[in-house]
Amino acid sequence: MRRRILAWTLAVVLLAVGVLTVPLLMAAGRYVDPPDRLGAFALVIGVAVGAVVAAMAVAARAARRIVAPLAQVATDAARLAGGDLGPTGRRYGEEELDEVARALDSAAVRLGELVRRERQLAADVSHQLRSRLTALSMRLEEVAALSDDELKVEAEAALDQVDRMVHIVDELLDQARTERAHNAVELDVAEQLAALRADWDDAFRVSGRELRITAPGADAHEPALRARATPGHVAQALGVLIENALQHGAGVVTVSARAHGEHVVVEVRDEGVGVPDPLVPLVFDRGVSGGDGTGIGLAVARALVEADSGRLELRSARPAVFAVYLPRISS
Amino acid sequence: MATVLLAEDDTAIAQPLARALEREGYEVLVRADGVSALQTALSGSVDLLVLDLGLPRADGLEVARRLRAAGSALPVLMLTARRDEVDFVVGLDAGADDYVGKPFRLAELLARVRALLRRRYTADLSASGVRLELASHRAFCDGTEIHLTNKEYALLRLLLEHAGDVVTRQEAADHVWGDPDMAGSKTLDMHISWLRRKLGDPAQAPRRLVTVRGVGFRFER
């Protein structure tokens, strides 16, 4: 786009300069005496070249000013497509651009809500089905345990059917999960955490707080800690946790990563009083925390992590410690 | 006998599960929400907590966390409809000792319950003047150390863990040899008689290791 603006500007300027220069040169040829004629030609051409250069410099600046916000909107759109569902809240003071930015933000919020609802639905279906199947299979086991041989055989056969149904439920849920995690890639956890620093340093400086980040693999001596996840999801979820700690917590905010068997655990803790007891069962409920337009909230953050087959849990209420569990890739 | 606290809000599951645990000889307390389950667990009168994850008022993970934060070492078996491997990690991280996904077969759940209750006895086991130091794997009879083979030790430990109760031949065979079919073999009887000899128990009128005819054996308290 920038190149096209410059090409058009160049064409227009060359035309305008040409229109002015050619008659001037012709006039110089006719009216200026031969000894001064060369000097006059040089002057006219010099001024013309100068005008073209100046015009192009102005055009380049204008193009940059027009194109930079467009490039930013394009980056935001690409991030959204990559699964980063946080509204940016960025505005540019240009009506048409702001309309696009607003549309992107509301798409992000709507997508986040969709992911959350899908996760909720899958969790509810899974929970309800498994609970009913458990109740059913225990009654059948009771029948099998307490009755004569003939009935026992029938009860065992019914139990086998329950087992098969469980297997089907597992497979269906597995399928849904694999589809949800199609954007997941191999991530270097230390790199992901280092990127957080760039995003949050300003906010921490303004509030006079400290952000501490520790991850194995941050220096060359240790093997890197690798996880399988969607980069946008991880960044968003950790962003929500850090923002939470910054807003509701106190003292140093520590983000630390460790390996736990086949999983990577990233913890975000602060030194505040923690989550009040009555709020503990509700922190991941929709509308209870965050989600006020500036961020996506813990409910969506949890859904994003779970979409990558991970988990987001409150590990400790006092002090508040949140943990993100992600599938680990062993080196 | 051991007391099991069952924290489960779904009565369709809690009732048959409580009955099954009672059939196994456990005393069962049922609580239907996290807060009252935690209170009961902390009262010190239970030996094992079977904890459902989806409890009202405080969920299972939160109950486990608060229990551990309060310094309790009560064995916790977590029950949950979420049975991915990561849920296992989350549960253990919260302080659970073991984890059973719903739906489960009763036999599996009861085996986990037994294993957790066994693991609880990490201190010494003793009855009728016979004492096992579990940490050092040593056995004492009336204060004098006696030397046991591995099988004898395992058998004596099983009997002492259930001192006062009958251990069936099947249980002994399954536990010591990992093969319930050994229940009918002479090997089990031979190990019992060797144990009696080492414990100074007369075979005709044993005071400690008693045969319960047609069922199994009982170690007197």
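Analyst: Let's begin at the end of our helix and work back. Just after α8(B), the residue G200(B) has a positive phi, with a value of about 65 degrees. Keep in mind that this is a predicted model.

Now for the helix itself. In chain B, α8 runs over residues 186-198, which makes 13 residues. From the first C-alpha to the last, α8(B) reaches 19 Å, and that is close to the 18 Å expected at 1.5 Å a residue.

Which residues of α8(B) are buried? They are L188(B), H191(B), I192(B) and L195(B). "Buried" here has a plain test: 20 or more other C-beta atoms have to lie within 10 Å of the residue's own.

What do the buried residues of α8(B) pack against? Two of the partners are helices of chain B, α6 (150-161) and α7 (169-177). The others are strands of chain B, β11 (209-212) and β12 (216-219).

Turn to the face of α8(B) that points away from its buried side, and you'll find exposed residues: K186(B), D189(B), M190(B) and R197(B).

For a second example, go back along chain B to helix α1, residues 11-23. Helix α1(B) has 13 residues and reaches 18 Å from first C-alpha to last, close to the 18 Å expected at 1.5 Å a residue. Its buried residues are I13(B), A14(B), P16(B), L17(B), A20(B) and L21(B). Just after α1(B) there is a glycine with a positive phi, G25(B), at about 100 degrees.

Chain B has strands to look at as well. Four of them form an open sheet in the order β6-β7-β8-β9, with antiparallel pairing. At the edges are β6 (125-127) and β9 (144-146) of chain B, each pairing on one side only. From one strand to the next, the twist averages 25 degrees. Zoom in on β8(B), residues 138-141: this strand pairs with β9(B) in the antiparallel sense over three bridges. In one of these strands, β9(B), you can find I146(B), the bridge partner of A139(B).

Notes:
Residues numbered from 1 in each chain as written. Chains lettered and ligands numbered in written order. Predicted model: local features only at pLDDT ≥ 70, side-chain atom pairs only at ≥ 80, totals over all residues. Helix = DSSP H or I, 4+ residues; strand = E, 2+ residues; numbered from the N terminus. Expected span 1.5 Å × (residues − 1). Buried ≥ 20, exposed ≤ 12 C-beta atoms within 10 Å, placed from the backbone. Pairing = 2+ DSSP bridges. Axes fitted to C-alpha atoms, helices over the stretch in contact; angles between N-to-C directions. Contact = placed C-beta atoms within 7 Å.
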